[in-house]
Amino acid sequence: MDKFSVFSARLVEKDELFTSGHRACQGCAEALAVRLVMKALGRNTIVAMATGCMEIISSPLPTTAWQVPWIHVAFENSSAVISGCESGMKAMMRKGKLPAKKINFVAMGGDGATADIGMGQLSGAMERGHDMIYVCYDNEAYMNTGIQRSSATPWGASTTTSPAGKISKGQFTQKKDMPKIAIAHNIPYVATACPSFPFDLMEKVEKAAAIEGPAYLHILSVCPTGWRIPSEEAIKYGRLAVNTCVFPLYEYEYGKYNLTYRPHPILPVKEYIQGQGRFRHLTPEDIDSIQERTRTEYEKLLKLSEEG
Amino acid sequence: MARPIEEIKWQDLEMGAAVSERGSAREYKTGSWRSLQPVVDQDQCIRCGVCWLFCPDAAIKRSEDGSFEADLEYCKGCGICARECPVGCISVVIEEV
Ligand SMILES: Cc1ncc(C[n+]2csc(CCOP(=O)(O)OP(=O)(O)O)c2C)c(N)n1
Ligand code: SF4
Ligand code: SF4
Ligand code: SF4
Ligand SMILES: [Mg+2]
């Protein structure tokens, strides 16, 4: 557990705004991420969600797992639609047609929706400065359609469109650094999070909600089905991603970097890689090269956070 | 509470595929997916709530006496709660059918 004692779990919001009965696979940490994000946001929230696992599993007609106003929009459009909701409702509040109150306007999408197909719309929404939160649930592939690679799939991962074989190592490009792309838009708040560190995650969501203007949250969401791991290990692998520095937890607030969790000791990336079916074909040399890259990327981040 | 899913016909659907009853997914009992069942040893349980916090299905319920146990209507049997319990007092048993 992060930061708090185990008993802190009992202090967490009881309200389930993302209810039981959703159809996510057993042990889906992406569904857990949604559940925790909603706990932190509370009821005064409107969600626009891109096509993807979380949309499909939460809204098969005639039911919904959502307890807040929620709309499914085309794959690329969640940030455009939430921009419209925000601008429209704020205009109506200004004109006295709606009671003035604080509402969280939230767009959500997977890594495919965010890093590939909805990138332009997200960039526009951040650039226009809407008072919104964008949440990317990154399970490192297009999972809903059967594990196709996205630009957020890490190097070496085998997917159905980057299969490992005699010649191929699996994904041959490096993971796109989406949080840095959000930071390049000079928005007030960007953070990475992982449901294996639930308190860190919920704190960041609360911060994102409190800050005026666009906020971007990038949540590593372990997918047992696509990563080819046992369902009970989804939390464990999220923790390993963080403790090996493959996925560092940090935030960027009004121009300042801050590492919110420093693993101690830093574990070898091998502990994260081995045991995941999607990396099963990698050689010790391949793992060494991932280790090296992880180290240099983490050092860059450390330096940025020391500069403040 | 919502009507049972089987009773809702296509003529009952709202325009634009809207669903006006929030949280109605609870009518769908995912517990039927389960082949393994988490069982809490209440004598060892320290009532910390970690199992509840990590369940992706919000399928750990807390009774009035403060004890935690799986809600078998929804628990899919993923085993996360057993894996994450800090005292290791949840065992996973094969479901009797
Ligand atoms: C424009 C468009 N292209 C393709 C699809 C098919 N499609 C639906 S969900 C999905 C995968 C979504 O991947 P991601 O955004 O990473 O979310 P995940 O399912 O992994 O949570 C795809 C390709 C679509 N619905 N719309
Ligand atoms: S495919 Fe992965 S992300 Fe999608 S519901 Fe299943 S476990 Fe969750
Ligand atoms: S086995 Fe999985 S679904 Fe069932 S209560 Fe435990 S964590 Fe929740
Ligand atoms: S995690 Fe274990 S000790 Fe804590 S409440 Fe659940 S069963 Fe009890
Ligand atoms: Mg994805």
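**Entry 1. Pockets**

I began with the term itself: a pocket is an open set of grid points where a 1.4 Å probe fits, with protein on both sides within 12 Å along at least five of seven lines. I note that the model I consulted is predicted.

I looked up the largest pocket and recorded a volume of about 720 Å³. I found that 34 residues line this pocket, and that A:Lys175, A:Val246, A:Pro248, A:Arg293 and A:Glu297 are the closest to its centre.

I then asked which element supplies the largest share of the lining of the largest pocket. I found H11 of chain A, with nine residues. Helix H11 covers residues 284–307. I also listed helix H6 (178–183), strand S6 (215–220) and helix H10 (269–273) of chain A, each of which supplies at least two residues of this lining. By class, I noted 19 nonpolar, five polar and ten charged residues in the lining of the largest pocket.

I turned to the second largest pocket, whose volume is about 370 Å³. I counted both chains among the residues closest to its centre: A:Thr64, A:Trp70, B:Ala17, B:Ala18 and B:Val19, out of 18 lining residues. Strand S2 of chain A, residues 70–72, gives the most to this lining, with three residues. I recorded the classes of the lining of the second largest pocket as nine nonpolar, six polar and three charged.

**Entry 2. Chain A and chain B**

I examined where the two chains meet. I found 44 residues of chain A in contact with 36 residues of chain B. The area buried between them is about 3500 Å², and I noted that carbon and sulfur atoms give 63% of this area.

How many salt bridges are there between chain A and chain B? I found two. I looked up the one between B:Arg83 and A:Glu233, in which the closest N and O atoms are 3.1 Å apart.

For ligand 4, I found 14 surrounding residues, the closest being B:Cys45, B:Cys48, B:Gly49, B:Cys51 and B:Cys85. I recorded twelve nonpolar residues, one polar and one charged in the shell of ligand 4. I note that Cys counts as nonpolar in these classes, and Gly as polar.

Conventions:
Residues are numbered from 1 along each chain as its sequence is written. Chains are lettered from A and ligands numbered from 1 in the order in which they are written. This is a predicted model: local features need pLDDT of at least 70, side-chain atom pairs count only at pLDDT 80 or more; totals for chains, interfaces and linings use all residues. Side-chain values use heavy atoms; hydrogens and water are left out. A residue is near a molecule or strand if one of its heavy atoms lies within 4 Å of it. On a 1 Å grid over the protein atoms alone, a cavity is a set of points where a 1.4 Å probe fits but cannot get out, and a pocket is an open set with protein on both sides within 12 Å along at least five of seven lines; lining residues have an atom within 4 Å of a point. Grid points are joined across faces, edges and corners, and a volume is the space filled by probe spheres set on the points. Helices (H or I, at least four residues) and strands (E, at least two) are DSSP runs, numbered from the N terminus. Contact means heavy atoms within 4.5 Å. Buried area is the accessible area (1.4 Å probe) that two parts lose on being put together, summed over both. A salt bridge is a side-chain nitrogen of Lys or Arg within 4 Å of a carboxyl oxygen of Asp or Glu.
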